[in-house]
Amino acid sequence: MNLTTPRLLIRNLEQSDNLAWLEIFSSKNVAKFLTKVDNIDEINKLIDKKIEKYKKNPGGNYSVILKENNKVIGNIDLKINGNVGEIGYVFNDKYWCKGYCTESCRAIIDYCFSELKLCKICADCVKTNFASIHILKDKLGFKLIREEHKYNTTFAFFELTK
Ligand SMILES: CC(C)(COP(=O)(O)OP(=O)(O)OC[C@H]1O[C@@H](n2cnc3c(N)ncnc32)[C@H](O)[C@@H]1OP(=O)(O)O)[C@@H](O)C(=O)NCCC(=O)NCCS
């Protein structure tokens, strides 16, 4: 899959994205919300696993590339079950707060509804991930469906219907 937005290119994850992943997942800011990975062998294994996973799932894992410097700055995961998608994202913290996550998610959401004909997209994050909640609720129009307390954390679950 290939998508283009004014500032970004979105394409399938490739093994050669490993150094970009290392930069993303070794950041202490990202580690506040996702497991920190700062070892290239671990990163290579994770990428292999992702690529394998999406040989069996109709969704995909996508790298987000900044057109101006051709750099992989983010990753979007789209898992599909029937006609429901589940989206997750992570971006390089050097590029946060420039609208890149919102811009790429809008393109993926449009692709989900218009090309893949999904009827619903779900997303979740910890309740204190205020940036993610702002993106989902205020910028992308997701609705908060429920909250769930597990692993000593409260998670917020969101849905977007066409
Ligand atoms: C969530 C994440 C992907 C956002 O990426 P991004 O490219 O910075 O997102 P955008 O620039 O499109 O939007 C960020 C918005 O959040 C806002 N924001 C940032 N920090 C915030 C905070 N602490 N509280 C409230 N809003 C915040 C920004 O101001 C911006 O909103 P605005 O455009 O209205 O000003 C990035 O922070 C990230 O990778 N976080 C770690 C991984 C993660 O949390 N993934 C999601 C849950 S699994």
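Start by selecting Phe157. Apart from neighbours within four places in sequence, Phe157 is in contact with Cys122, Asp124, Ile145, Arg146 and Glu148 (contact means C-beta atoms, placed from the backbone, within 7 Å). This is a predicted model: local features need pLDDT of at least 70, side-chain atom pairs count only at pLDDT 80 or more, and totals for chains, interfaces and linings use all residues. Residue numbers run from 1 along each chain as its sequence is written.

Phe157 lies in strand β8, so colour by secondary structure next: helices (H or I, at least four residues) and strands (E, at least two) are DSSP runs, numbered from the N terminus. β8 pairs with β7 in the antiparallel sense over seven bridges (strands pair if DSSP finds at least two bridges between them). Look for Lys150, which stands opposite Thr153 in β8.

Now zoom out to the sheet. It is open, with eight strands in the order β1-β2-β3-β4-β5-β6-β8-β7 and mixed pairing. β1 (2–4) and β7 (143–150) are at the edges with a single partner strand each, so one side of each has no neighbour in the sheet.

Next, select helix α4, residues 130–139. Ser132, Ile135 and Leu136 are buried here. Viewed down the axis of α4, the buried residues fall within an arc of 85°, so they line one face of the helix (the arc is that of the directions from the helix axis to the C-beta atoms). They pack against α3 (100–114), β6 (120–126) and β8 (153–161). Turn to the face away from that buried side and you'll find the exposed residues Phe130, His134 and Asp138. Following α4 comes Gly141, with a positive phi near 85°.

Last stop: the ligand. Which residues come nearest? Of the 21 around it, they are Trp96, Cys101, Thr102, Phe130 and Ala131 (a residue is near if its C-beta atom, placed from the backbone, lies within 6 Å). The elements giving two or more residues to this shell are β5 (84–91), α3 and α4. α4 supplies the largest share, five residues.

Conventions:
A residue is buried if 20 or more other C-beta atoms lie within 10 Å of its own, exposed if 12 or fewer, and partly exposed in between; C-beta atoms are placed from the backbone. Two residues are in contact if their C-beta atoms, placed from the backbone, lie within 7 Å.
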